[in-house]
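Reader: I'd like to talk through the charged pairs in this one. Can you put it up?
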Amino acid sequence: MTYLVTDNCIQCKYTDCVEVCPVDCFYEGPNFLAINPDECIDCGVCVPECPAEAIVAEEDLPKDQRVFWLDINQRLAEKWPNITKRKDALPDADTWKDKPNKIDLLKE
Ligand code: SF4
Ligand code: F3S
């Protein structure tokens, strides 16, 4: 089991999540953060910190979505740098916050 960052993070990147992670397993890309599933200890403390409600338990996703987001988090966490300090959200984060299906906008 792991927690995963999902669609709602795209174009927002509030980064409140990184401050509370006890094992520093968030990785930063241009407009999305990824959790390294091999490092996440399933504590769940990051979940309520995200204003966009983008972090979910792997097991709470439908099966096809689970595989999809697990692959994205794993792959991007391996290629992006670690992030442990909160920074400003993306400029239009509040505009994008409640928009669904932003996956095509994900920048790798
Ligand atoms: Fe970090 Fe815990 Fe969130 Fe996993 S569930 S990313 S260990 S804060
Ligand atoms: Fe993304 Fe939420 Fe963290 S928007 S950067 S998962 S606080």
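Reader: Start with Lys87. What does Lys87 count as at 36% relative accessibility?
Author: Partly exposed. Keep in mind that this is a predicted model.
Reader: Which side chain does Lys87 meet in a salt bridge?
Author: Glu28. The N to O distance is 2.8 Å. Lys87 sits in the loop between helix H2 (63-79) and helix H3 (93-96), and Glu28 is in strand E2 (residues 26-28), so the pair ties together parts 59 residues apart in sequence.
Reader: Is Glu28 buried or exposed?
Author: Buried. Its relative accessible area is 16%, and the cut-off for buried is under 20%.
Reader: New topic. How many salt bridges does the structure hold?
Author: Six.
Reader: Which residues are linked in a network of salt bridges?
Author: Asp71, Arg75, Lys79 and Glu108.
Reader: Take Arg75 and Asp71. Where do they lie?
Author: Both are in helix H2, four residues apart, or about one turn of the helix.
Reader: What relative accessibility does Arg75 have?
Author: 35%, so Arg75 counts as partly exposed. Asp71 is partly exposed at 44%. Glu108 is partly exposed too, at 43%.

Conventions: Residues are numbered from 1 along each chain as its sequence is written. Chains are lettered from A and ligands numbered from 1 in the order in which they are written. This is a predicted model: local features need pLDDT of at least 70, side-chain atom pairs count only at pLDDT 80 or more; totals for chains, interfaces and linings use all residues. Side-chain values use heavy atoms; hydrogens and water are left out. A salt bridge is a side-chain nitrogen of Lys or Arg within 4 Å of a carboxyl oxygen of Asp or Glu. Helices (H or I, at least four residues) and strands (E, at least two) are DSSP runs, numbered from the N terminus. Buried means under 20% relative accessible area, exposed over 50%, partly exposed in between (1.4 Å probe, protein chains only).
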